[in-house]
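Please read each point with the structure in view.

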Amino acid sequence: MSKKILIIEDEIEIAELERDYLEIEDFKVDIETDGAEGLKKGLSGDYDLIILDLMLPNVNGFEICKKIRKEKDIP
């Protein structure tokens with residue numbers, strides 16, 4: 001079973017490049033470009049890793065990190 005990774009990144013070109021490299025290595029990757037939506041997906045999804053940008057629209061990466069760490073053990 002492949003590992004699931006969530007990329008929360010508002011620069012779609014960067015997110016797609018990261019996704020492409022990870023999918024070559026057989027990871028399943030989801031992308032979210034908005035901080036609030038990324039937070040929802042991070043809390044509700046079953047991810048093994050979250051790659052998180054710090055400067056995001058609506059909710060910044062620091063807040064997302066704090067909130068997810070309170071509820072889940074995801075690196």
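1. Terms and basis. Helices (H or I, at least four residues) and strands (E, at least two) are DSSP runs, numbered from the N terminus. This is a predicted model, in which local features need pLDDT of at least 70 and side-chain atom pairs count only at pLDDT 80 or more, while totals for chains, interfaces and linings use all residues. Residues are numbered from 1 along each chain as its sequence is written, and side-chain values use heavy atoms, with hydrogens and water left out.

2. Overall order. The protein contains 3 helices and 3 strands. Read from the N terminus, these elements follow the order β-α-β-α-β-α.

3. Dimensions. For 75 residues, a compact globule would have a radius of gyration near 11 Å, and the protein agrees, with 11 Å. This radius is taken over C-alpha atoms, and the globule rule is 2.2 Å times the number of residues to the power 0.38. Along the principal axes, the C-alpha atoms fill a box of roughly 30 × 25 × 15 Å.

4. Surface and burial. The accessible surface comes to about 5,000 Å², and 51% of it belongs to carbon and sulfur atoms. Such areas come from the Shrake-Rupley method with a 1.4 Å probe; for residues, only the protein chains shown count as cover. Of the 75 residues, 32% count as buried. Here buried means under 20% relative accessible area, exposed means over 50%, and partly exposed lies in between (1.4 Å probe, protein chains only).

5. Among contacts in the protein with a separation of 6 or more, 61% are between residues 24 or more positions apart; contact means heavy atoms within 4.5 Å. The protein has 11 positive and 20 negative side chains, and the centres of the two sets lie 8 Å apart. Lys and Arg count as positive and Asp and Glu as negative, whereas His and the chain ends are not counted. The place of a charge is NZ of Lys, CZ of Arg, CG of Asp or CD of Glu.

6. Strands E1 and E2. Strand E1 covers residues 4–8, and 4 of its 5 residues are buried. How many bridges join E1 to E2? There are 5 bridges between E1 and strand E2 (residues 28–32), and the two strands run parallel. Two strands are taken to pair if DSSP finds at least two bridges between them.

7. Glu 32. Is Glu 32 buried or exposed? Glu 32, which is found in strand E2, has a relative accessible area of 16% and is therefore buried. Not counting residues up to four places away in sequence, Glu 32 touches Leu 6, Ile 7, Ile 8, Glu 9, Glu 37, Gly 38 and Lys 41.

8. Gly 38. This residue is found in helix H2 (residues 35–44). Gly 38 counts as buried because its relative accessible area is 0%. Apart from neighbours within four places in sequence, Gly 38 is in contact with Leu 6, Ile 8 and Glu 32. Gly 38 and Lys 70 are 32 residues apart along the chain, and 16 Å separates their C-alpha atoms.

9. Asp 10 is found in the loop between E1 and helix H1 (12–24). With a relative accessible area of 32%, Asp 10 is partly exposed. From C-alpha to C-alpha, Asp 10 and Thr 33 are 4.2 Å apart in space, though 23 residues apart in sequence. Leu 56 lies in the loop between E3 and H3 and counts as buried, at 11% relative accessibility. Beyond four places in sequence, the residues that Leu 56 touches include Ile 8, Asp 10, Thr 33 and Ile 64. Leu 56 and Asp 34 are 22 residues apart in sequence and 6.4 Å apart in space, C-alpha to C-alpha.

10. Two positive phi values. Which phi values do Asp 26 and Asn 58 have? Phi of Asp 26 is near 75°, a positive value in a residue other than glycine; Asn 58, also not a glycine, has a positive phi of about 80°. Asp 26 is found in the loop between H1 and E2, and Asn 58 in the loop between strand E3 (49–52) and helix H3 (61–71). Asp 26 is exposed, with a relative accessible area of 54%, and Asn 58 is exposed, with 66%.
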